[in-house]
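Visitor: I've got a structure open and I'd like to learn how to read it. Can you walk me through a few features?

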Amino acid sequence: MKRVISTILSVIMIATALYIPSIGVFANDKVQTVDCIDNPFYANREIATGELAEYTVPESTERTYKNVTYYTKGKKLYKAFGSALEKRATSVTLRYLATAPIIGTLTIERVMDELFCAATDDSISVSCTDGDYTRWSTLNYRAEFINDQTSGYYFYTIKITKIKYYSDADDEKIVNTVVNNFVNTTNTSGMSDYQIIKKVHDYVCSSTTYCNKAIDDPYGNLYAYGAYGALVLGSCVCQGYSLAFYRLCKELGYSVRIITSAPHAWNLVGLNGQYYYVDTTWDDDNDVKSYDFFLVSYSDLRKEDSLNEHIPEEKYYDGEYYNETYGDNIDLYSYDETDDTLLSNCTVSLSNRRYTYSGSAFKPAVTVKSINGDNLAADDYTVKYASNTKAGCARVNLTAGTSGNYSGSTHRQFDIAPQKTAGLSLASGGRGSTSLKLKWTAAQGGISGYKIEYYKDGAWKVVATVANNSTTAVINSLAAAKTHKFRIRAYKAVSKRNVYGAYSGTYTTCTNPQKPAVTLKTRSKTIVANWKKVTADGFQIQVCTKKDFSSKVKKYKVGGKSTQKTVKSLKPKTVYYVRVRAYKVINDKTYYSPWSAVKKLKCK
């Protein structure tokens, strides 16, 4: 039933996408605006990734005009757009350098389509959340082209606004948490590649059910088209299934793509040097988990496909890059998990899955066992380590050896944590009434930054994220004249997952009392100083005939509950200066607020 429903739903979504964009050309012919059509699967587009992306994406040519740098089609232009989409920005401005004018609806649409496809192309993907993940998470946007032309060049400022996504930045933070929990709690040591990918498949299928509500009201249920619907809300359509599977496989280091036809979306994943199809939507059909569409060949994928849902859009999957990277390596047969000659069916164990940065290369011992549980011989496979020196995610790559008993390849990942952050203390002059400036010793190993945590209400909470080139941070909005506890740890960002170092020791310090606000009154030979109540053990009051309080200072103390001090026996018709400060005693040490503003008054 779900397979019929997915086709009906796609027809609804495509129909809503086929409206004619509105183009507004202003009187000066230099500004043109287009509302870009929706992107359920971009099924109605004539421009496609495979046609647009070169096997090697060209570098952008730069040219400065009116102190602004513009870029031709190429990496810098594409990555600027793609990075904004990956971060879920609602607007972005591109500086596009062209050698011909962009005029008319079709031309503007074509340029924007080309920029979008190139910005989200797999060939320039470097993370788990760009490329396919960004492409199929973007709904629509508006683009305004502003043109200046000179010396044969056209300098286009493209203002892309009203960008809408199936899941926004806040949604993606929650997705990141779910993904991190899955990756961090999945011990791949002692598992085969087949078992790991099967675990991802099962997790996606068990996390969600098909969203039938999206059939009647697709725009009221946009979440169903994203990983947020699949992994957080537990309700999605095929697009959500495929995004969730893609994201988890990517995080575990597997090569994976999202494959689309006009009515459907599924996945292609690499295993043992070959590629196989996975359709978690159809395997989760009617909430009965199956493996009919798990690691299958194209012919097996199509066996029950009477509605032609699994025919990939040729325009997306017939380019040089796709064919050489994926298409030519799709196995003609479904994956055989009983084949004892495949490395991907062997279990791989590492002697250690987590190290702490030391400056040296880490090489955990590798144990590989066959399906029967026998240890493989030394010449059955070769081992190479990658990214295994600096903090972050390291990798062990295994390939078939010279014995000829096994074929293919596999891999495992392990973490290198940053060093423990040391020396957390108060920076010079860093003690305020409601803020504290902390300092620490820089951590080594190519970290991304630091997380500072504050102890409050019985729990530690992150209060500051600091860049890797900083060793100080100001913590604001603290209670005055109170003790405060902090700790810090360095982290290395790996895609949207953080690898953390050990916490520093707990650093305890306190804030100063708040500065009193003083007012004065006088009567015969008397001055009365008043101030607003602040948290303190007491107050110091100074009275002097000299503004700088350099000599003959009268000094007084009152308790912390006081808000007034009367000073008597003063000389009449004499100008006096008065200032007040609060103090707090914590662990036998006295902390003072700044002196109040100096107040001046002539005594009666």
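Guide: Let's start with contacts: two residues are in contact when they have heavy atoms within 4.5 Å. In this predicted model, residues 24 or more positions apart account for 64% of the contacts in the protein chain with a separation of 6 or more.

Visitor: What does the secondary structure of the protein chain come to?

Guide: The count is 13 helices and 35 strands. The protein chain has 33 Å, well over the 25 Å the rule gives for 604 residues, so it is more spread out than a compact globule. Along its principal axes, the C-alpha trace spans about 105 × 75 × 50 Å.

Visitor: And how many of the 604 residues are buried?

Guide: Buried means under 20% relative accessible area. In the protein chain, 53% of the 604 residues qualify. The accessible surface comes to about 27100 Å², and carbon and sulfur atoms own 47% of that.

Visitor: Let's zoom in on one residue. Is N180 buried or exposed?

Guide: N180 is buried, because its relative accessible area is 15%, and the cut-off is 20%. You'll find N180 in helix α6, residues 169-185.

Visitor: Which residues does N180 touch, not counting those up to four places away in sequence?

Guide: K496 and R497. With K496, look at the polar atoms: the backbone oxygen of K496 sits 3.3 Å from a polar atom of the N180 side chain.

Visitor: Last one: how far apart are the mean positions of the positive and negative charges?

Guide: For the 77 positive and 57 negative charges of the protein chain, those mean positions are 30 Å apart.

Technical notes
Residues are numbered from 1 along each chain as its sequence is written. This is a predicted model: local features need pLDDT of at least 70, side-chain atom pairs count only at pLDDT 80 or more; totals for chains, interfaces and linings use all residues. Side-chain values use heavy atoms; hydrogens and water are left out. Helices (H or I, at least four residues) and strands (E, at least two) are DSSP runs, numbered from the N terminus. Buried means under 20% relative accessible area, exposed over 50%, partly exposed in between (1.4 Å probe, protein chains only). A polar contact is a pair of N or O atoms within 3.5 Å; within protein, one must be able to donate a hydrogen and the other to accept it, and residues adjacent in sequence count only if both atoms are side-chain atoms. The radius of gyration is taken over C-alpha atoms; the globule rule is 2.2 Å times the number of residues to the power 0.38. Accessible areas come from the Shrake-Rupley method with a 1.4 Å probe; for residues, only the protein chains shown count as cover. Lys and Arg count as positive and Asp and Glu as negative; His and the chain ends are not counted. The place of a charge is taken as NZ of Lys, CZ of Arg, CG of Asp or CD of Glu.
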